[in-house]
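Biologist: Before we discuss this protein, please place its sequence and model before us.

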Amino acid sequence: MYPGLVSVVVPVFNGEQYLDEALTSVMQQEYRAFEIIVVDDGSTDGSAGIARSFGAVRYLYQENLGPAAARNTGIAAARGEVVAFLDSDDVWLPQKLSIQMSHLLRQPQIGYISARMKWRLEEGIERPIWIHPRILLEVGADNEPYFPVPSSWAVRRSVFDHLGMFDPTYRQAEDVDWLFRAIDGGISTIALPDVVGYKRVHASNISRERKLNRRMVFRALHASIQRKQQLQRGAAHEMLVAKGSPS
């Protein structure tokens with residue numbers, strides 16, 4: 001592990017349309033201590049060629065196992081002290097890593113950090129009802145809703161060692177499950193007000209599968225509730241044992 005190095009993990013599945021711009025946005029970062037790991041989750045399009053055209057990219061291929069497994073492959077290969085994620089259809093602003101690393105380098109107690117992302121409608125795409133108008137790129141209101149999506153994160157590698165990686169049984173909402181586990185595990189975090197990039201809204205967004213997404217979110221919430229109940233039962237048992245112990 002290299003102190004100060006950020007391992008940028010870019011999972012991609014048939015993302016040739018946007019991958020070049022995503023990787024270019026990493027190459028344009030003001031913070032220069034980074035490596036890029038593209039994890040190709042079984043693409044059948046030209047994603048591999050685009051990834052390999054960037055000389056700085058470490059390209060890893062696996063059969064299609066879903067975004068959680070792709071992120072895990074990238075984390076396992078990471079050499080950096082910090083892991084940051086960029087979905088292949090998202091774009092970072094040049095100051096993304098410098099903003100977040102300035103906090104992480106000064107505050108070693110912080111386990112992970114998130115920031116704001118704007119959402120951009122691709123041409124010809126209507127705004128889905130589940131996207132609030134204030135988070136669109138063109139608006140920029142100060143009171144916009146906050147959604148800590150993975151492309152806005154920077155996570156210490158040690159946090160994954162402590163909490164575990166993404167649950168590959170989640171085909172969606174694996175990030176929600178991981179965030180609940182981080183909260184339940186008491187991992188210290190900061191949510192920055194800075195806008196650090198944008199998410200595209202296009203016809204192929206996996207998040208458009210709303211029924212599956214809701215089901216996975218409810219599953220993650222239920223698992224979080226169960227963890228809390230288990231901790232409460234454990235604490236109550238310890239208190240009873242302590243009261244019954246001789247002084």
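Modeller: The following conversation sets computed values against their definitions.

Modeller: This is a predicted model, in which local features need pLDDT of at least 70, side-chain atom pairs count only at pLDDT 80 or more, and totals for chains, interfaces and linings use all residues. Residues are numbered from 1 along each chain as its sequence is written, and side-chain values use heavy atoms, with hydrogens and water left out.

Biologist: How many helices and strands are in the chain?

Modeller: The chain has seven helices and eight strands. Helices (H or I, at least four residues) and strands (E, at least two) are DSSP runs, numbered from the N terminus.

Biologist: Why does Arg157 count as buried?

Modeller: Buried means under 20% relative accessible area, exposed means over 50%, and partly exposed is in between, with a 1.4 Å probe and protein chains only. Arg157 has 12% relative accessibility, so it counts as buried. Arg157 is found in helix α5, residues 157-163. Contact means heavy atoms within 4.5 Å; not counting residues up to four places away in sequence, Arg157 touches Met1, Ile75, Ala76, Gly80, Glu81, Val82, Val83 and Met165.

Biologist: What makes strand β2 mostly covered?

Modeller: Eight of the eight residues in strand β2 (residues 34-41) are buried. Phe34, Ile36, Val38 and Asp40 point one way from β2, while Glu35, Ile37, Val39 and Asp41 point the other way.

Biologist: How do you know that β1 and β2 are paired?

Modeller: Two strands pair if DSSP finds at least two bridges between them. Seven bridges join strand β1 (residues 2-12) to β2, and the two run parallel. Val10 has Val38 as its bridge partner in β2.

Biologist: Which residues touch the most other members of the largest nonpolar core?

Modeller: A nonpolar core is a set of buried Ala, Val, Leu, Ile, Met, Phe, Trp, Tyr and Cys residues joined through side-chain atoms within 4.5 Å. In the largest one, which has 37 residues, Val6, Val8 and Val38 touch the most other members. A second, separate core of 21 residues includes Ala70, Tyr112, Trp153 and Ile187.

Biologist: How many aromatic pairs does a search of the whole structure find?

Modeller: The search finds nine aromatic pairs. Rings of Phe, Tyr and Trp (its six-membered ring) pair if their centres lie within 6.5 Å; planes under 30 degrees apart count as stacked, over 60 as edge-to-face and the rest as tilted.

Biologist: Why is the pair of Phe85 and Phe166 called edge-to-face?

Modeller: The ring centres of Phe85 and Phe166 are 5.5 Å apart and their planes are at 75 degrees, so the pair is edge-to-face. Phe85 lies in strand β4 (residues 80-85) and Phe166 in the loop between α5 and α6 (174-184), 81 residues apart. Phe85 counts as buried because its relative accessibility is 0%, and Phe166 counts as buried at 2%.

Biologist: What kind of pair do Tyr112 and Trp178 form?

Modeller: Tyr112 and Trp178 form an edge-to-face pair, with 5.6 Å centre to centre and 75 degrees between the planes. Tyr112 lies in strand β6 (residues 112-121) and Trp178 in helix α6, so the pair ties together parts that are 66 residues apart in sequence.

Biologist: Where does Arg71 lie relative to the ring of Phe85?

Modeller: Arg71 lies over the face of Phe85, at 5.7 Å from the ring centre. A charge sits over a ring if NZ of Lys or CZ of Arg is within 6 Å of the ring centre and within 35 degrees of the ring normal. The charged end of Arg71 also sits over the ring of Phe166, 5.7 Å from its centre.
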